[in-house]
Amino acid sequence: MGTPTTIFGDEIFTAADLNRRADHVLDEARNRPVTITRNDEAFALLPRKDAARLVEAASNARHMVDLVTAISAYRQAGEEIPVGHAFEWLNAFDGDELRDLQAEVYGAFRRAGDAEISWDDFEAVLHEWQDSAIALRSEALAAAFAAPG
(Lines give C-alpha, C1' and ligand atoms only; values in the text may rest on other atoms or scores of the structure.)
Protein backbone atom coordinates (compact mmCIF):
# COMPACT_ATOMS: atom_id res chain seq x y z
CA MET A 1 0.00 0.00 0.00
CA GLY A 2 1.24 3.51 -0.74
CA THR A 3 2.52 5.70 2.05
CA PRO A 4 2.09 9.48 2.09
CA THR A 5 5.04 11.80 2.02
CA THR A 6 5.13 15.35 3.28
CA ILE A 7 7.90 16.41 0.91
CA PHE A 8 5.85 16.37 -2.29
CA GLY A 9 2.41 15.82 -0.81
CA ASP A 10 1.78 12.86 -3.07
CA GLU A 11 1.15 9.18 -2.51
CA ILE A 12 4.08 6.80 -2.97
CA PHE A 13 3.60 3.37 -4.53
CA THR A 14 6.11 0.72 -5.46
CA ALA A 15 6.33 -0.79 -8.93
CA ALA A 16 4.87 -3.96 -7.38
CA ASP A 17 1.87 -1.90 -6.15
CA LEU A 18 1.38 -0.66 -9.69
CA ASN A 19 1.50 -4.22 -11.07
CA ARG A 20 -0.87 -5.64 -8.45
CA ARG A 21 -3.31 -2.75 -8.07
CA ALA A 22 -3.08 -0.68 -11.22
CA ASP A 23 -6.70 0.49 -10.97
CA HIS A 24 -6.19 1.85 -7.46
CA VAL A 25 -2.90 3.56 -8.35
CA LEU A 26 -4.44 5.13 -11.47
CA ASP A 27 -7.48 6.29 -9.49
CA GLU A 28 -5.15 8.02 -7.04
CA ALA A 29 -3.19 9.59 -9.94
CA ARG A 30 -6.43 10.98 -11.35
CA ASN A 31 -6.87 13.08 -8.19
CA ARG A 32 -3.27 14.13 -7.56
CA PRO A 33 0.24 13.16 -8.66
CA VAL A 34 1.61 9.90 -7.30
CA THR A 35 5.14 8.60 -7.15
CA ILE A 36 6.04 5.13 -8.35
CA THR A 37 9.33 3.82 -6.94
CA ARG A 38 11.50 1.07 -8.36
CA ASN A 39 14.92 0.32 -6.92
CA ASP A 40 16.53 3.76 -6.43
CA GLU A 41 14.34 5.49 -9.02
CA ALA A 42 11.17 7.52 -8.59
CA PHE A 43 8.64 8.30 -11.32
CA ALA A 44 5.81 10.82 -11.27
CA LEU A 45 2.42 9.73 -12.51
CA LEU A 46 -0.15 12.43 -13.20
CA PRO A 47 -2.82 13.20 -15.78
CA ARG A 48 -1.43 14.18 -19.17
CA LYS A 49 -3.24 17.55 -19.10
CA ASP A 50 -1.47 18.38 -15.83
CA ALA A 51 1.90 17.38 -17.30
CA ALA A 52 1.21 19.54 -20.38
CA ARG A 53 0.33 22.48 -18.12
CA LEU A 54 3.60 22.05 -16.21
CA VAL A 55 5.61 22.05 -19.43
CA GLU A 56 3.74 25.12 -20.67
CA ALA A 57 4.32 26.88 -17.34
CA ALA A 58 8.05 26.11 -17.48
CA SER A 59 8.31 27.42 -21.05
CA ASN A 60 6.51 30.64 -20.17
CA ALA A 61 8.58 31.05 -17.01
CA ARG A 62 11.67 30.94 -19.24
CA HIS A 63 10.15 33.71 -21.41
CA MET A 64 9.41 35.76 -18.30
CA VAL A 65 12.96 35.36 -16.98
CA ASP A 66 14.43 36.23 -20.39
CA LEU A 67 12.24 39.35 -20.59
CA VAL A 68 13.21 40.58 -17.12
CA THR A 69 16.86 39.74 -17.77
CA ALA A 70 16.84 41.75 -21.01
CA ILE A 71 15.33 44.73 -19.25
CA SER A 72 17.68 44.59 -16.27
CA ALA A 73 20.86 43.67 -18.15
CA TYR A 74 20.53 46.30 -20.84
CA ARG A 75 17.81 48.88 -20.41
CA GLN A 76 18.30 49.56 -16.71
CA ALA A 77 22.00 49.93 -17.44
CA GLY A 78 21.13 52.58 -20.05
CA GLU A 79 22.11 50.38 -23.00
CA GLU A 80 20.17 49.34 -26.06
CA ILE A 81 19.34 45.67 -26.38
CA PRO A 82 21.46 44.35 -29.28
CA VAL A 83 19.91 43.78 -32.70
CA GLY A 84 19.17 40.09 -33.11
CA HIS A 85 18.32 39.64 -29.43
CA ALA A 86 14.85 38.11 -28.95
CA PHE A 87 13.76 41.11 -26.89
CA GLU A 88 15.38 43.85 -28.97
CA TRP A 89 11.88 45.24 -29.54
CA LEU A 90 11.92 46.50 -25.93
CA ASN A 91 14.15 49.35 -27.15
CA ALA A 92 10.98 51.02 -28.47
CA PHE A 93 9.84 51.81 -24.92
CA ASP A 94 11.01 54.36 -22.37
CA GLY A 95 11.54 53.56 -18.70
CA ASP A 96 7.97 54.29 -17.61
CA GLU A 97 6.57 52.14 -20.39
CA LEU A 98 8.93 49.30 -19.46
CA ARG A 99 7.70 49.46 -15.86
CA ASP A 100 4.12 49.27 -17.14
CA LEU A 101 5.06 46.37 -19.41
CA GLN A 102 6.72 44.48 -16.57
CA ALA A 103 3.76 45.01 -14.26
CA GLU A 104 1.20 43.91 -16.84
CA VAL A 105 3.18 40.92 -18.10
CA TYR A 106 4.04 39.78 -14.58
CA GLY A 107 0.40 40.11 -13.54
CA ALA A 108 -0.70 37.99 -16.48
CA PHE A 109 2.06 35.48 -15.69
CA ARG A 110 0.84 35.14 -12.10
CA ARG A 111 -2.81 34.81 -13.16
CA ALA A 112 -1.89 32.10 -15.69
CA GLY A 113 0.21 30.31 -13.08
CA ASP A 114 -2.80 30.37 -10.74
CA ALA A 115 -5.03 29.13 -13.62
CA GLU A 116 -7.15 32.31 -13.51
CA ILE A 117 -6.37 32.80 -17.22
CA SER A 118 -4.87 30.50 -19.84
CA TRP A 119 -1.22 30.48 -20.86
CA ASP A 120 -2.46 31.61 -24.28
CA ASP A 121 -3.86 34.72 -22.58
CA PHE A 122 -0.46 35.36 -20.96
CA GLU A 123 1.27 34.98 -24.33
CA ALA A 124 -1.29 37.35 -25.89
CA VAL A 125 -0.34 40.08 -23.39
CA LEU A 126 3.32 39.68 -24.30
CA HIS A 127 2.49 39.74 -28.03
CA GLU A 128 0.36 42.87 -27.62
CA TRP A 129 3.36 44.68 -26.14
CA GLN A 130 5.56 43.41 -28.96
CA ASP A 131 2.98 44.59 -31.52
CA SER A 132 2.93 47.99 -29.80
CA ALA A 133 6.71 48.20 -30.15
CA ILE A 134 6.45 47.40 -33.85
CA ALA A 135 3.80 50.09 -34.26
CA LEU A 136 5.93 52.65 -32.40
CA ARG A 137 8.81 51.95 -34.75
CA SER A 138 6.75 51.97 -37.93
CA GLU A 139 7.68 54.88 -40.18
CA ALA A 140 4.47 54.40 -42.19
CA LEU A 141 2.36 54.59 -39.05
CA ALA A 142 4.27 57.65 -37.83
CA ALA A 143 3.73 59.34 -41.20
CA ALA A 144 0.01 58.52 -41.11
CA PHE A 145 -0.33 60.08 -37.66
CA ALA A 146 1.68 63.12 -38.72
CA ALA A 147 -0.39 63.70 -41.89
CA PRO A 148 -2.94 66.49 -41.71
CA GLY A 149 -6.46 65.21 -41.02
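The legends below describe close-up views of a predicted model.

In this predicted model, local features need pLDDT of at least 70 and side-chain atom pairs count only at pLDDT 80 or more, whereas totals for chains, interfaces and linings use all residues. Residues are numbered from 1 along each chain as its sequence is written, and side-chain values use heavy atoms, with hydrogens and water left out.

**View 1. Packing of helix α3 against helix α5.** Helix α3 (residues 48-73) and helix α5 (residues 119-137) pack at an angle of about 20 degrees, and their axes are 11 Å apart; helices are DSSP runs of H or I with at least four residues, strands are runs of E with at least two, and both are numbered from the N terminus. Axes are lines fitted to C-alpha atoms, for helices over the stretch in contact, and angles run from 0 to 180 degrees between N-to-C directions. The angle makes α3 roughly parallel to α5, a term for angles under 35 degrees. The crossing of the two helices, α3 and α5, is left-handed, meaning that the near helix is turned anticlockwise from the far one by less than a right angle.

**View 2. Residues at the contact of α3 with α5.** From α3, Arg 53, Glu 56, Ala 57, Asn 60, Met 64 and Leu 67 meet Trp 119, Asp 120, Phe 122, Glu 123 and Leu 126 of α5, where contact means heavy atoms within 4.5 Å. Sorted by class, this contact has 6 nonpolar, 1 polar and 4 charged residues; Ala, Val, Leu, Ile, Met, Phe, Trp, Tyr, Cys and Pro count as nonpolar, Asp, Glu, Lys and Arg as charged, and the others, Gly among them, as polar.

**View 3. Asp 50 in helix α3.** Asp 50, found in helix α3, is partly exposed, with a relative accessible area of 30%; buried means under 20%, exposed over 50% and partly exposed in between, with a 1.4 Å probe and protein chains only. The C-alpha atoms of Asp 50 and Arg 32 are separated by 9.5 Å, and the two residues are 18 residues apart along the chain.

View 4. Asn 39, in the loop between β3 (34-38) and β4 (41-45), has a positive phi of about 55 degrees although it is not a glycine, and Asn 39 is exposed at 74% relative accessible area. Ala 115, in the loop between α4 (95-113) and α5, is likewise not a glycine but has a positive phi of about 65 degrees, and its relative accessible area of 52% counts as exposed.

View 5. Thr 35, placed in strand β3, counts as buried at 12% relative accessibility. Leaving aside residues up to four places away in sequence, Thr 35 touches Asp 10, Glu 11, Ile 12, Phe 13, Ala 42 and Phe 43.

Conventions: Angles under 35 degrees count as roughly parallel, over 145 as roughly antiparallel, 65 to 115 as roughly perpendicular and the rest as oblique.
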